[in-house]
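Please consult the sequence and the structure shown below while reading.

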Amino acid sequence: MKNKKKMQNKKREYFKWTLILFILSFLLSATLNYISSYVSERLPVTISFILLFCIILLGIIFDIIGIATTAADEVPFHAMAAKKVKGAKVSVWLIKNASKVSSICNDVIGDICGILSGALSASIVFYIAKNSKANPILLSILLTAMVAAITISGKSIGKYFAIQKSNEIVKISGKVLGIFLKM
């Protein structure tokens, strides 16, 4: 009886977490898509390329944070928290909630950045093709391949770095989040 109730609570908690992820994904995606669409329609194509690079970089950075959080060691952060080092309590919280943090960083933000970089790439191709005699199919292939190559190689390098420097990355993340969260 007790185990059945525990199982129901876990199931309820899982569905609640899934709903939170759905809402967060929807809101983040809509907001970032609006911003990138606004920029790509109204500003020069060079700004759109800069925004595209920033979106790719954002995906890579959050991938690094998600991996580092799962690889970090909690023990040194408890010692830092006892010494009242800024961000240490937040870092402990990040590590204790590594699966959720990783899910948000790697899946939610990472996937949104991937989708937005594809949409922004299409917008850039459309803009260039409309304003020049460039072949839109060739341009689309080249830009898509470039975005994929930068994203994949960036995340590959980032994963290595995240595992090697996990505690340092979590410490920095804790300090940055500590500005916004009071723990």
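## Lys-159 and its partner

Lys-159 has a relative accessible area of 33% and is therefore partly exposed; the scale calls a residue buried under 20% relative accessible area, exposed over 50% and partly exposed in between (1.4 Å probe, protein chains only). The side chain of Lys-159 meets that of Asp-63 in a salt bridge, at 2.7 Å from N to O. This bridge connects distant parts of the chain, since Asp-63 belongs to helix 2 (residues 45-71) and Lys-159 to helix 6, 96 residues apart. Asp-63 counts as buried, because its relative accessibility is 4%.

A salt bridge here is a side-chain nitrogen of Lys or Arg within 4 Å of a carboxyl oxygen of Asp or Glu. Helices (H or I, at least four residues) and strands (E, at least two) are DSSP runs, numbered from the N terminus.

## Basis of the model

The model is predicted: local features need pLDDT of at least 70 and side-chain atom pairs count only at pLDDT 80 or more, while totals for chains, interfaces and linings use all residues. Residues are numbered from 1 along each chain as its sequence is written, and side-chain values use heavy atoms, with hydrogens and water left out.

## The second salt bridge

How many salt bridges does the structure hold? There are 2 salt bridges. Besides the pair of Asp-63 and Lys-159, the side chains of Glu-74 and Lys-96 meet at 4.0 Å, N to O. Glu-74 lies in the loop between helix 2 and helix 3 (75-82), and Lys-96 lies in helix 4 (residues 88-96), so that this pair, 22 residues apart, also links distant parts of the chain. Glu-74 is partly exposed, at 23% relative accessibility, whereas Lys-96 is exposed, at 56%.

## Lys-155, a buried lysine without a salt bridge

Helix 6 (residues 136-164) also contains Lys-155. This residue is buried and has no salt bridge; Asp-63 is its nearest side chain of opposite charge, 4.4 Å away. For charge, Lys and Arg count as positive and Asp and Glu as negative, while His and the chain ends are not counted. Side chains of opposite charge can pair when their charged atoms come close. Asp-63 forms its salt bridge with Lys-159.

Neighbours within four places in sequence aside, Lys-155 is in contact (heavy atoms within 4.5 Å) with Gly-59, Ile-60, Asp-63 and Gly-110.

## Helix 5 against helix 6

Helix 5 (residues 98-131) packs on helix 6 at an angle of about 155°, and the two axes are 9 Å apart. Axes are lines fitted to C-alpha atoms, for helices over the stretch in contact, and angles run from 0 to 180 degrees between N-to-C directions. Helix 5 and helix 6 are therefore roughly antiparallel, on a scale where angles under 35 degrees count as roughly parallel, over 145 as roughly antiparallel, 65 to 115 as roughly perpendicular and the rest as oblique.

The crossing of helix 5 and helix 6 is right-handed; a crossing is left-handed if the near helix is turned anticlockwise from the far one by less than a right angle, and right-handed if clockwise. On the helix 5 side, the residues that meet helix 6 include Gly-110, Ser-117, Ser-121 and Ile-124. Their counterparts in helix 6 include Pro-136, Leu-139, Leu-143 and Lys-155.

Helix 3 passes helix 7 in a right-handed crossing. Pro-76, Phe-77 and Met-80 of helix 3 meet Asn-167, Val-170 and Lys-171 of helix 7.

The buried residues of helix 4 are Ala-88, Val-90, Ser-91, Val-92, Leu-94 and Ile-95. Their cover includes helix 2, helix 3, helix 5 and helix 7 (166-180).

## Lys-84 in the loop

Lys-84 is placed in the loop between helix 3 and helix 4. Its phi is near 60°, a positive value in a residue other than glycine. Lys-84 counts as exposed, at 72% relative accessibility.
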